[in-house]
Amino acid sequence: MSLSRRLAVLRSHLQPAAPAGEGDRNVVVCAEQAAGVSTSPCSAAAAGGGREAEGKSCVFCRIIRGEAPAFKVYEDDVCLCILDSHPLAPGHSLIIPKCHFPSLEATPPHVVAAMCSKVPFLSNAIMKATQCDSFNMVVNNGAAAGQVIFHTHFHLIPRRSGDKLWPTESLRRRSIEPNETSGLVSCIKEQLYSSPEGCKAEPPSSLPKER
């Protein structure tokens with residue numbers, strides 16, 4: 001996969017486009033094919049398939065089983081950290097759970113917690129090795145967000161001042177409008193507290209005051 005395509009995929013989380021249509025899905029599939037990644041069943045069109053079937057052709061599962069090559073930098077009982085085979089910067093790494101989960105929402109909280117707990121440890125080592133003092137942690141979740149391999153993973157991307165990796169960093173962001181946002185906040189709360197997890201928590205009585 002070309003560097004320009006990789007940049008386009010990962011920028012999508014910072015500069016979302018319109019909802020993906022059939023043409024956009026074809027671009028994702030073509031990108032997977034260019035990278036040598038099987039598009040069936042770990043593809044946008046088949047992300048809802050059985051986990052066992054997905055794992056058999058998933059490139060990350062093949063790496064975990066030792067059936068595909070990778071540069072491993074860390075491994076424990078829950079997750080694996082490897083160098084990205086098409087890095088955006090030297091040291092660009094991926095944290096991958098050893099069990100196959102096609103999306104972040106399908107990944108059990110304890111697995112996500114285990115992956116996140118390794119971020120300070122791994123990022124510190126990667127930054128020292130690459131002589132950087134900053135990094136981006138990126139999760140592309142879903143085809144419209146730029147996910148290409150449908151096996152949950154975190155990107156750790158070392159950064160240097162002035163590297164201009166994300167053109168959107170120079171864009172001025174519009175301030176939030178309280179009147180436009182109150183309805184959205186109410187809708188999010190409704191979704192949160194109608195879920196099994198949300199029912200266990202006490203809903204906040206009011207929005208935080210501006211400082």
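Let me begin with helix H6, whose buried residues pack against strand S1 (72–75), S2, strand S3 (93–97), helix H5 (109–117), strand S4 (134–138) and strand S5 (154–159); helices (H or I, at least four residues) and strands (E, at least two) are DSSP runs, numbered from the N terminus, and contact means heavy atoms within 4.5 Å. This is a predicted model, in which local features need pLDDT of at least 70 and side-chain atom pairs count only at pLDDT 80 or more, while totals for chains, interfaces and linings use all residues. Residues are numbered from 1 along each chain as its sequence is written, and side-chain values use heavy atoms, with hydrogens and water left out.

H6 covers residues 119–130, and its 12 residues reach 16 Å from first C-alpha to last, close to the 16 Å expected at 1.5 Å a residue, where the expected span is 1.5 Å times one less than the number of residues. Buried here are Val119, Leu122, Ser123, Ile126, Met127 and Thr130, the term meaning under 20% relative accessible area, with exposed over 50% and partly exposed in between (1.4 Å probe, protein chains only). Seen down the axis of H6, these buried residues fall within an arc of 130°, so they line one face of the helix; the arc is that of the directions from the helix axis to the C-beta atoms. The face turned away from that buried side carries the exposed residues Pro120, Lys128 and Ala129, and after H6 comes glutamine 131, with a positive phi near 60°.

Turning to S2, residues 79–83, we find isoleucine 82 in this strand, buried with a relative accessible area of 3%. Its C-alpha is separated by 4.3 Å from that of lysine 72, 10 residues apart along the chain.
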